[in-house]
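This report looks at one structure in short sections. Keep the sequence and the model in view while reading.

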Amino acid sequence: MFDFLEGYDVLGAFWMTVKLTALSAVGSLIWGTLLAAMRVSPVPLMRGFGTAYVNIVRNIPLTVIIVFTSLGLADIFGVTMGAADNFDVQGFRLAVLGFVAYTAAFVCEAIRSGINTVPLGQAEAARAIGLNFTQTLRLIVLPQAFRSVIGPLANVLIALTKNTTVAAAIGVAEAATLMKTMIENEAQTLAIGAVFAFGFLVLTLPTGLLLGWLAKRLAVKR
Amino acid sequence: MSSVLYDTPGPRAKRRNVLLSVVFTVLLALLLWWVWQKMDDKNQLEWSLWEPFTTSAAWTTYLLPGLGDTLKAAAISMLIALPLGAVFGIARMSDHAWVRGAAGTVVEFFRAIPVLLLMLFANEFYVRSTDISSEQRPLYAVVTGLVLYNASVLAEIVRAGILSLPKGQTEAAYAVGLRKGQTMTSVLLPQAVTAMLPAIVSQLVVIVKDTALGGVMLGFTELLNSRSTLAANYANVIPSFIVVGIIYIILNFLLTSFAGWLERRLRRSKKSTGAVLGEDTVEVNPAAVGGTFGTGGEGGGPSGFTFNDKPPR
């Protein structure tokens with residue numbers, strides 16, 4: 001029944017999806033946290049930069065960003081991400097770069113909303129015992145903020161998992177790329193669609209359930 | 001501005017802030033200078049590459065028709081997805097377990113699948129099973145993908161909107177003798193729609209952004225696709241990306257601002273319950289599979305929204 005799968009590396013394609021997701025998730029968490037720190041910092045210029053970045057990047061379609069990394073960054077500016085001779089690796093790294101740039105804006109907004117959930121008194125108390133901005137943020141506010149934004153961050157992660165399919169636009173051999181090839185070559189459109197739908201359900205549903213459970217457990221009860 | 005995290009700056013803090021500002025400006029300027037140099041190196045600053053955008057031909061031949069198709073696909077998708085979403089949202093709250101279960105499965109399924117897969121699948125389906133002309137097919141496929149995904153997201157927004165209403169509304173409706181259907185259509189839904197409006201407008205941003213997928217993967221002649229035709233004609237890849245990027249930013253920024261304005265306005269109005277489904281009111285339940293291309297705030301509304309615990313008003 002599933003003999004149409006023969007000759008296609010479906011697992012390999014999904015493994016590529018997982019790799020894209022994992023690397024982009026780590027990268028966007030770091031860059032997103034930095035952006036959030038900028039957006040709440042006492043320096044107006046940094047706040048302005050953070051706000052501008054988030055508003056600009058959020059309003060550009062991810063597809064435009066991903067296509068730009070390939071046609072603009074790589075072809076015109078020669079940004080090859082240290083893999084000038086290997087087109088596949090280069091495409092993968094450019095895609096990750098694009099996903100990080102895009103997803104970080106959403107991570108930043110999630111973390112910022114988490115910072116807003118920390119009661120004013122906490123930061124006042126921190127300042128009263130003489131902590132400065134960096135210490136307050138690092139020791140008092142961010143740990144609590146992170147615990148309260150596991151839920152929203154899980155949504156960002158799940159959206160990122162689905163968004164990695166956009167890498168198909170620059171030919172990265174992940175799930176959507178393979179589905180496009182298979183669906184064009186094989187007759188069983190419905191079955192192929194079902195296989196890939198199932199793959200994404202397997203990736204996203206457990207992530208959502210696990211992180212949802214964690215979010216409930218770790219949320220700071222107020 | 002004094003915030004949670006820092007006090008109104010004193011003399012030392014002021015000096016430090018100035019220093020940090022200077023350092024940050026220098027870093028930013030270096031980055032911009034590097035980009036500028038790079039563009040200059042690759043001759044991307046030459047006027048001949050930018051000049052087409054000052055002529056009407058580039059706009060009337062490529063950009064405006066592309067923008068038109070983007071808006072057309074987004075508008076059609078929204079118009080179909082909204083009633084469909086309302087139906088599924090209401091069905092998920094049905095008293096009959098089988099209706100609830102079926103609607104729930106459909107909604108969760110289509111939210112867990114990437115829009116791109118839905119579009120690719122729809123495209124192939126139309127090739128094999130219908131006789132839609134090949135010029136029309138990309139539009140059909142894009143709209144189908146967007147409708148399936150966004151109807152599910154809107155279903156959750158509708159459901160959250162109805163759940164956000166005070167329980168007394170339903171009780172009062174029953175008390176004056178309305179039936180279940182009447183309660184829904186004449187009491188709950190109208191109020192829910194007002195509460196949902198900002199979230200619905202925000203969802204439009206997601207739809208507009210997702211149309212770009214059809215341009216790359218299905219050859220739909222929307223804005224991003226028109227960009228590549230334009231760039232092929234004038235050999236101005238970078239300028240065309242910048243111009244198209246700016247068009248998207250302006251368009252979506254207008255939509256976001258409109259949603260924000262609507263939200264503030266609705267919050268003020270005395271007629272509504274005061275519950276408004278905005279970006280920050282909606283706390284997202286992670287167990288569900290939410291949000292795609294506009295994750296985070298923008299209507300990535302999964303099952304069981306929890307609202308601000310503050311009572312309405």
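## Chain A overall

Of the 222 residues in chain A, 53% are buried (under 20% relative accessible area with a 1.4 Å probe, protein chains only; exposed is over 50%, partly exposed in between). This is a predicted model, in which local features need pLDDT of at least 70 and side-chain atom pairs pLDDT 80 or more, while totals for chains, interfaces and linings use all residues. Side-chain values use heavy atoms, without hydrogens and water, residues are numbered from 1 along each chain as its sequence is written, and chains are lettered from A and ligands numbered from 1 in the order written.

Chain A has nine helices and zero strands (DSSP runs, numbered from the N terminus: H or I of at least four residues for helices, E of at least two for strands). Its C-alpha atoms fill a box of roughly 70 × 45 × 25 Å along the principal axes.

## A:Gln90

A:Gln90 sits in helix 4 (residues 87–117) of chain A. This residue counts as buried because its relative accessibility is 8%. Leaving out residues up to four places away in sequence, A:Gln90 touches A:Ala74, A:Thr80, A:Ala83 and A:Ala84 (contact means heavy atoms within 4.5 Å).

## Two helices of chain B

Helix 8 (residues 180–217) and helix 10 (residues 237–268) of chain B pack at about 170°, their axes 8 Å apart (axes are lines fitted to C-alpha atoms, for helices over the stretch in contact; angles run from 0 to 180 degrees between N-to-C directions). The two helices are therefore roughly antiparallel (over 145 degrees; under 35 is roughly parallel, 65 to 115 roughly perpendicular, the rest oblique).
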